[in-house]
Amino acid sequence: MAEEIKYEYKTVQTVRGTDGLVISRMQKDGWELLEQTQSTLRSTLNFRRPKKSQPWLLIGSVAAALVTLAIVIGAASALSGGGEKKDESDKSTTAASEKPSATSTPAAVESAATTVITPQNNPEFAALLKADSCDDANLDFANRHEGQVIAFNGSIVNMAPHGDYDTRYDFVLGPGDKGPNTTAGPAFMYEDVNIPDLKRTGKKVPATVAAGDKYRFVAKVGEYNADQCLFFLDPVSTEVR
């Protein structure tokens, strides 16, 4: 009698328009799309894939080997316990040499914190703005620059109320001027913010905010969600273009 296939399940919420990229990414990892539902801003994707069988015999062998290794290391440590102790003066010398410089570090940290990353001064960021929203470059950039500030000319791709709120929103931003027709670059996300949080500036600030509006976004780098292909940012300022 054939063994019954056991599955693991996963639900991914992503921004409408990036569904195809997310589905393709998941399928490469062996996931099968079961269901897709859509709301104003987000899509909910339900996946499954067969559970991998656990090689219990191999796991047991490895565990036994680790136990044996621990015993050998413990015995060796006990035998060498009577060795020479390091001279106290050597310890103090080593500790002093390993102490970080107190003069150069604050200046370096301050410089890194105040530099705003733009496509003009950072080739990595310039390339990122041309990649797709599921590209691994998004995760690499987020990991390296989390907490730093970026600035770029872009537009609002989509916006929708956050949950059941009437005055708080989720915004999807993209580089360039194409708004809802944006196809290149990360899917930048401002999540659960109100209009004043955008800190809009400029000569003529419109009374309303809508998809397609063009701004120069200045924002702090947050995390990148690889499953959703969403790059989260925190708004610093939003200048009308």
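Ile 117 sits across from Ile 150, a residue of strand 5, in what is a predicted model. That pairing belongs to strand 4 (residues 116-117), which runs parallel to strand 5 with two bridges between them.

Which residues touch the most other members of the largest nonpolar core? Ile 150 is one of them, together with Phe 125, Phe 171, Phe 188, Tyr 190 and Phe 231, in a core of 34 residues. Strand 9 supplies the largest share of this core, with five residues. If you set aside the neighbours of Ile 150 within four places in sequence, its contacts include Val 116 and Ile 117, then Phe 125, Phe 141, Phe 188 and Phe 217, and also Val 218, Ala 219, Val 221 and Leu 233. There is another core, apart from the largest one, made of nine residues, among them Val 15, Ala 160, Ala 187 and Met 189. Nonpolar side chains in soluble globular proteins tend, in general, to be buried together.

Next, the covalent link. The whole structure has one disulfide, and it joins Cys 134 to Cys 229 with an S to S distance of 1.9 Å. Cys 134 is in the loop between helix 5 (123-128) and helix 6, while Cys 229 is in the loop between strand 9 and strand 10, so the pair ties together parts that are 95 residues apart in sequence. The torsion about the S-S bond is about 105°, so this disulfide is right-handed. Are the two cysteines, Cys 134 and Cys 229, buried or exposed? Both Cys 134 and Cys 229 are buried.

Now for the charged pairs. Side chains of opposite charge can pair when their charged atoms come close. A search of the whole structure turns up eight salt bridges. One of them is between the side chains of Arg 25 and Asp 136, at 3.2 Å from N to O. Arg 25 belongs to helix 1 (residues 19-28) and Asp 136 to helix 6 (residues 136-145), so this contact ties together parts that are 111 residues apart in sequence. Arg 25 is partly exposed, at 23% relative accessible area, and Asp 136 is partly exposed too, at 49%.

Another salt bridge links Glu 32 and Arg 48, with the closest N and O atoms 3.1 Å apart. Glu 32 is part of strand 2 (residues 32-38) and Arg 48 part of strand 3 (residues 42-50), so the parts tied together are 16 residues apart in sequence. Glu 32 has a relative accessible area of 37% and counts as partly exposed; Arg 48, at 22%, is also partly exposed.

Asp 177 and Arg 241 make a salt bridge as well, the closest N and O atoms being 2.5 Å apart. Asp 177 is in the loop between strand 6 and strand 7 (188-193), and Arg 241 is in the segment after strand 10 (230-240), so parts 64 residues apart in sequence are tied together. Asp 177 is partly exposed at 42%, and Arg 241 is partly exposed at 39%.

Finally, salt bridges with shared partners join Arg 168, Asp 192 and Asp 197 into one network. Arg 168 is in the loop between strand 5 and strand 6, and is partly exposed at 22% relative accessibility. One of its side-chain polar atoms lies 2.6 Å from the backbone oxygen of Asp 192. The C-alpha atoms of Arg 168 and Asn 194 are separated by 4.4 Å, although the two residues are 26 residues apart along the chain. Beyond its neighbours within four places in sequence, Arg 168 is in contact with residues including Ala 160, Pro 161, His 162 and Val 193.

How values were computed. Residues numbered from 1 in each chain as written. Predicted model: local features only at pLDDT ≥ 70, side-chain atom pairs only at ≥ 80, totals over all residues. Heavy atoms only, no water. Pairing = 2+ DSSP bridges. Helix = DSSP H or I, 4+ residues; strand = E, 2+ residues; numbered from the N terminus. Salt bridge = Lys/Arg side-chain N within 4 Å of Asp/Glu carboxyl O. Buried < 20%, exposed > 50% of the residue type's maximum accessible area, 1.4 Å probe, protein only. Contact = heavy atoms within 4.5 Å. Polar contact = N/O pair within 3.5 Å; in protein donor to acceptor, adjacent residues only side chain to side chain. Core = buried A, V, L, I, M, F, W, Y, C linked by side-chain atoms within 4.5 Å. Disulfide = S-S within 2.5 Å.
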